[in-house]
Amino acid sequence: MELKILTSANIPTFFNSLIQSGKVVVAPVLKKNGKVFFESVESYDQVSTDYIQTVFSAKSVVFPKVEELFSYTKKEDGSVEITNDLSSVPETIIWGLRPCDSSAFNYLTEFFLRENPDSYYKTRKERTTLISISCAKADDACFCTSVGLNPGSTEGCDILFTAMGDIFYTEVMTEKGKALIDAKLFTETEEKSKEAHLAKINTKFSIEEIKERIQNAYESTQWKHESMGCLSCGACAFSCPTCTCFDIQDEGTTENGKRLRCWDACGFGQFTQHASGHNPKTNQTARRRQRLLHKFKYSVENLGIVSCVGCGRCIRICPAHLNIFENILNVTKA
Amino acid sequence: MIGFKNALTNQPVPCFIEDASQAELIVYTPECKNNLAVYLHKPEVKQSKKIGIFGNMATLRSIIQLTSENQFWDIEKTILTIDANDEVLVFANMEEVETYVQANFPDISEEDLKLLAHLDSLTRDERWKYWTEQFTACIKCYACRAVCPMCYCSQCTVECNQPQWIRVSSKTTGNMEWHTMRAMHLAGRCVNCGECGRTCPAGIPIHLLTTKMNQDLFKEFGTRPGFSTKGEYALNTFKTDDKEGFIK
Amino acid sequence: MSDFEPKIVAFVCNWCTYAGADLAGTSRTKYEPNVRIVRFPCTGRIDFMLLMKAFENGADGVIISGCHPNDCHYTSGNFHARRRWITFRSLLDFMGFDIDRITFSWVSAAEGKKWAELVNEVTDSIRTKGPFKEISTLDSSKLKQLFYDEITK
């Protein structure tokens with residue numbers, strides 16, 4: 001890890017140099033409806049700095065909401081040509097991730113690359129650099145400190161900036177991050193304490209305690225109560241930085257078409273519908289229980305990590321205002 | 001009893017009370033904007049044959065519209081609301097709900113009227129650009145469908161894949177198909193609660209599509225959803241002398 | 001543009017317009033060949049999504065035609081269709097879709113001449129307007145993505 005300083009005056013210069021390097025730069029942008037979304041930008045003045053969290057996560061850079069897996073064309077001689085071209089995936093930089101978001105990429109990498117490496121994710125992740133900015137503010141939906149993270153965590157990112165007055169304290173975590181650092185704009189520094197510049201987030205629970213108590217939570221009678229408000233839309237899953245469920249769809253004709261990978265959500269009623277017509281999860285209680293147990297129990301069993309990063313997006317986005325940490329607390333009560 | 005309660009985040013949330021001792025949890029403030037009528041379709045709610053619902057004007061209108069669509073023959077319900085003087089009103093029957101709603105029938109909000117007027121002033125090309133940009137933002141989370149009390153089909157058209165009417169992929173074409181189809185299925189049934197637009201994570205003002213449809217249908221056919229339990233649905237009735245000027 | 005030949009899809013009812021088109025044929029009436037006719041039992045069966053699908057699959061213009069009011073073979077199918085068309089047309093116009101590319105008409109089984117004239121008129125008008133690219137290019141257009149799917153170079 002290398003430690004550097006970037007003065008606030010030089011931030012736009014550094015940012016614009018990233019754009020000029022020819023890479024695609026994705027950053028948070030304030031839209032007319034008052035919400036902030038990740039979008040590809042052309043200059044630093046489009047970047048929003050005064051917000052708590054974006055509506056959607058940046059997972060779509062490595063796991064797009066619609067991704068073409070391959071396309072097929074029937075040739076005149078009757079043979080079928082299949083094209084799968086990942087060379088058009090550009091080098092991308094994501095600027096302005098929160099520490100929770102960048103740590104989510106660790107989970108995504110485990111999920112997509114551990115057993116049967118997914119070439120699409122692999123290519124996109126290799127060509128993506130993650131630049132995080134520590135959180136000076138938080139709201140009551142944030143709970144990263146309850147899942148083993150904190151507003152200044154360096155998990156998962158290539159560079160972490162922490163705003164300290166008129167400088168960005170820069171922690172360069174990886175070779176990828178180092179490659180972006182311009183020696184003319186950054187100066188060396190010694191280690192500084194970030195604590196005074198980070199948001200204070202009260203812990204809602206101890207993750208170790210939850211991991212233990214959740215082992216017996218399946219049978220809890222609280223689940224029905226906690227899921228009553230759920231209307232089975234996909235908003236929480238789609239905005240979540242670690243949700244990876246997808247659907248495969250074919251669009252086209254017998255002459256040509258493509259196979260697409262599209263986001264899917266376990267909240268949808270038909271998510272577990274079998275071709276036979278049987279659906280093992282017949283009600284929303286079962287589906288919500290599945291979602292929460294997946295985040296806090298099954299991910300731990302399968303990949304060794306709690307997949308919830310405490311970003312709070314699901315809480316802010318839910319039409320019925322369901323609250324994941326409140327639910328978890330209630331179903332694990334003795 | 002379906003109502004609102006305060007929760008950990010500073011926003012009243014829908015709550016479901018099964019025990020009289022918890023009744024004091026129920027709150028009602030101007031922040032209680034959710035249209036609770038959507039929960040009347042939930043199987044878990046329908047299981048209890050007696051239901052109380054403490055709703056706002058949008059909820060009352062939805063209940064009237066759903067009654068006119070014969071959706072409540074198996075549930076006994078008690079309906080409550082708070083009037084302009086902060087008094088709790090308990091309705092003895094649907095007639096009282098109708099009288100109250102008809103006396104206080106809400107207009108379309110100022111903000112929506114302004115946006116509609118703005119869209120009206122654009123050229124066709126500009127309107128197409130506006131809506132296609134909006135539809136490109138859609139991620140097909142179906143939150144709009146989830147919060148709508150009128151979307152109660154046990155199997156939505158999007159869940160049919162023989163044939164695949166609406167593409168699953170959320171590219172612009174698929175999104176446009178979805179919103180067009182939804183606006184048509186709701187035209188003349190939507191009560192303008194605005195929940196779909198308010199809930200959309202991408203901030204798309206979807207409610208404008210159905211608001212405009214309702215305006216047009218009222219002008220053409222005189223139908224007004226959520227007004228009367230005997231109300232007509234514009235698209236399954238007709239008059240032999242319906243007027244139009246575009247059929248050759 | 002001079003060699004652009006529009007593709008017109010016609011959704012017609014079996015009892016009136018289809019028979020009318022047949023009559024145009026047996027009368028050896030010459031009319032533009034650009035129309036592809038899809039036969040339905042009644043205009044009341046025509047789903048509005050079919051129009052969208054026609055445009056998505058390359059149609060430049062659409063004709064929808066059925067029995068005159070009070071003449072429907074199924075008594076009231078065309079009345080329901082009329083209400084549906086009024087509603088759908090208004091929605092399309094609000095969304096900025098070019099509603100002049102869709103033509104609605106009542107053509108009876110005796111009106112072979114009217115059918116031929118209608119097809120000629122529509123074909124001419126669409127030929128003047130040009131090919132309809134607005135829907136088929138939607139997904140590949142450079143619309144500023146609020147939340148992009150795949151970024152490509």
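## Reading the model

Helices here are DSSP runs of H or I with at least four residues, strands are DSSP runs of E with at least two, and both are numbered from the N terminus.

Residues are numbered from 1 along each chain as its sequence is written, while chains are lettered from A and ligands numbered from 1 in the order in which they are written. This is a predicted model, where local features need pLDDT of at least 70, side-chain atom pairs count only at pLDDT 80 or more, and totals for chains, interfaces and linings use all residues.

## Chain A at a glance

Chain A has ten helices and twelve strands. Its radius of gyration is 21 Å, close to the 20 Å that the globule rule gives for 334 residues, so chain A is as compact as a globular protein of that length. (The radius is taken over C-alpha atoms, and the rule is 2.2 Å times the number of residues to the power 0.38.) Along the principal axes, the C-alpha atoms of chain A fill a box of roughly 70 × 65 × 40 Å.

Of the 334 residues in chain A, 45% are buried. Buried means that 20 or more other C-beta atoms lie within 10 Å of the residue's own, exposed means 12 or fewer, and partly exposed is in between, with C-beta atoms placed from the backbone. A:Lys184 is exposed, with 10 other C-beta atoms within 10 Å. The C-alpha atoms of A:Lys184 and A:Leu6 are separated by 10.0 Å, though these residues are 178 residues apart along the chain. Two residues are in contact if their C-beta atoms, placed from the backbone, lie within 7 Å. Among contacts in chain A with a separation of 6 or more, 72% are accounted for by residues 24 or more positions apart.

## Strands side by side in chain A

Strands pair if DSSP finds at least two bridges between them. Strand β7 (residues 128-133) and strand β8 (residues 159-164) of chain A run parallel, joined by three bridges. Here A:Ile131 has A:Ile159 in β8(A) as its bridge partner.

On to the next neighbour: β8(A) runs antiparallel to strand β9 (residues 167-172) of chain A, with six bridges joining them. A:Ile159 is partnered with A:Val172 in β9(A). β8(A) and β9(A) form a hairpin with two residues between them, and A:Gly165 in the turn has a positive phi of about 65°.

Chain B has nine helices and six strands. A compact globule of 248 residues would have a radius of gyration near 18 Å, and the 19 Å of chain B agrees. In chain B, 43% of the 248 residues count as buried. In its strands, B:Lys5 stands opposite B:Val13 in β2(B) and opposite B:Ile26 in β3(B).

An automatic or database domain assignment gives the domain bounds: chain B is divided into domain 1 (2-103) and domain 2 (110-236). The contact takes 18 residues from domain 1 and 17 residues from domain 2. On the domain 1 side, α2 (57-68) and α3 (94-103) of chain B each supply at least two residues, and α2(B) gives the most, with eight residues.

## Where chains B and C meet

In this interface, 38 residues of chain C are in contact with 37 residues of chain B. From chain C, α2 (48-56), α3 (77-95) and β4 (102-106) each supply at least two residues of the side that touches chain B, and α3(C) gives the most, with 13 residues. By class, that side has 19 nonpolar, nine polar and ten charged residues. (Ala, Val, Leu, Ile, Met, Phe, Trp, Tyr, Cys and Pro count as nonpolar, Asp, Glu, Lys and Arg as charged, and the others, Gly among them, as polar.)

## The largest nonpolar core

A nonpolar core is a set of buried Ala, Val, Leu, Ile, Met, Phe, Trp, Tyr and Cys residues joined through C-beta atoms within 7 Å. The largest has 190 residues, of which A:Val26, A:Ile94, A:Ile131, A:Cys144 and B:Ala143 touch the most other members. The largest share of this core, seven residues, comes from α3(C). Domain 1 (2-103) and domain 2 (110-236) of chain B both give residues to this core, so the core lies between them.

Not counting residues up to four places away in sequence, A:Val26 touches A:Phe38, A:Glu39, A:Ser40, A:Ala58, A:Val61, A:Thr92, A:Ile94 and A:Trp95.
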